[in-house]
Amino acid sequence: AKGETAAMAVKRWLAAEAGLEVAADPKLFSIFSGRTPLSDGDHIALYLVTAWREARSRAARAGLHMDFFAASRLPHDTDEATRSWLQEAHEARMQR
């Protein structure tokens, strides 16, 4: 949306698409660019969200499948670019 920061967009998207209310400011982890299965050259901002609550019940999110996974147990169809980004974020978080 016009005038919206990337962090504001993260909060809006998680509320609208996943029914999650972000309870602490998202932290910018990294910005990636390049051609990947998820992007045709656009920039991708990876934010870490460490505190949230469900703002909508799972029943209210009909048709949306959402789950949380340990970094070491991602679904088998997670593409390599996403695995790489998540691994980098996980390793950086463990170093804190």
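1. Which residues make up the largest nonpolar core? The model is a predicted one, in which local features need pLDDT of at least 70 and side-chain atom pairs count only at pLDDT 80 or more, while totals for chains, interfaces and linings use all residues. Residues are numbered from 1 along each chain as its sequence is written, and side-chain values use heavy atoms, with hydrogens and water left out.

2. The largest nonpolar core consists of seven residues, namely F29, F32, L46, L48, A81, W85 and A89. A nonpolar core is here a set of buried Ala, Val, Leu, Ile, Met, Phe, Trp, Tyr and Cys residues joined through side-chain atoms within 4.5 Å; buried means under 20% relative accessible area, exposed over 50%, and partly exposed in between, with a 1.4 Å probe and protein chains only. At least two residues of this core come from each of strand 2 (27-36), strand 3 (39-48) and helix 2 (80-95), and helix 2 gives the largest share, three residues. A second, separate core has six residues, among them L14, A18, L20 and V22.

3. As for the overall layout, the protein contains two helices and four strands, and from the N terminus on its elements follow the order α-β-β-β-β-α. Helices (H or I, at least four residues) and strands (E, at least two) are DSSP runs, numbered from the N terminus. Of contacts between residues at least 6 apart in sequence, 54% join residues at least 24 apart, where contact means heavy atoms within 4.5 Å.

4. Of the 96 residues in the protein, 23% are buried. The protein exposes about 7,100 Å², of which carbon and sulfur atoms supply 52%; accessible areas come from the Shrake-Rupley method with a 1.4 Å probe, and for residues only the protein chains shown count as cover.

5. Helix 2 has 16 residues and should span 22 Å at 1.5 Å a residue, which agrees with the 23 Å between its end C-alpha atoms; the expected span is 1.5 Å times one less than the number of residues. Its buried residues include A81, T82, W85 and A89. These cover an arc of only 105° around the axis, which puts them on the same side of helix 2, the arc being that of the directions from the helix axis to the C-beta atoms. E80, M94 and Q95 are exposed on the other side of helix 2.

6. At the start of helix 2, a side-chain oxygen of D79 comes to within 3.1 Å of the backbone nitrogen of A81. A81, which lies in helix 2, is buried with a relative accessible area of 16%. Its C-alpha atom is separated by 10.0 Å from that of F32, although A81 and F32 are 49 residues apart along the chain.

7. Helix 1 (residues 6-18) has 13 residues and should span 18 Å at 1.5 Å a residue, and its end C-alpha atoms, 17 Å apart, agree with this. The buried residues of helix 1 are V10, L14 and A18. Seen down the axis, these buried residues fall within an arc of 25°, so they line one face of helix 1. G19, which follows helix 1, has a positive phi, near 70°.

8. S30 is placed in strand 2 and is buried, with a relative accessible area of 17%. Leaving aside residues up to four places away in sequence, S30 touches I44, A45, L46 and E88.

Definitions and conventions:
Polar contact = N/O pair within 3.5 Å; in protein donor to acceptor, adjacent residues only side chain to side chain.
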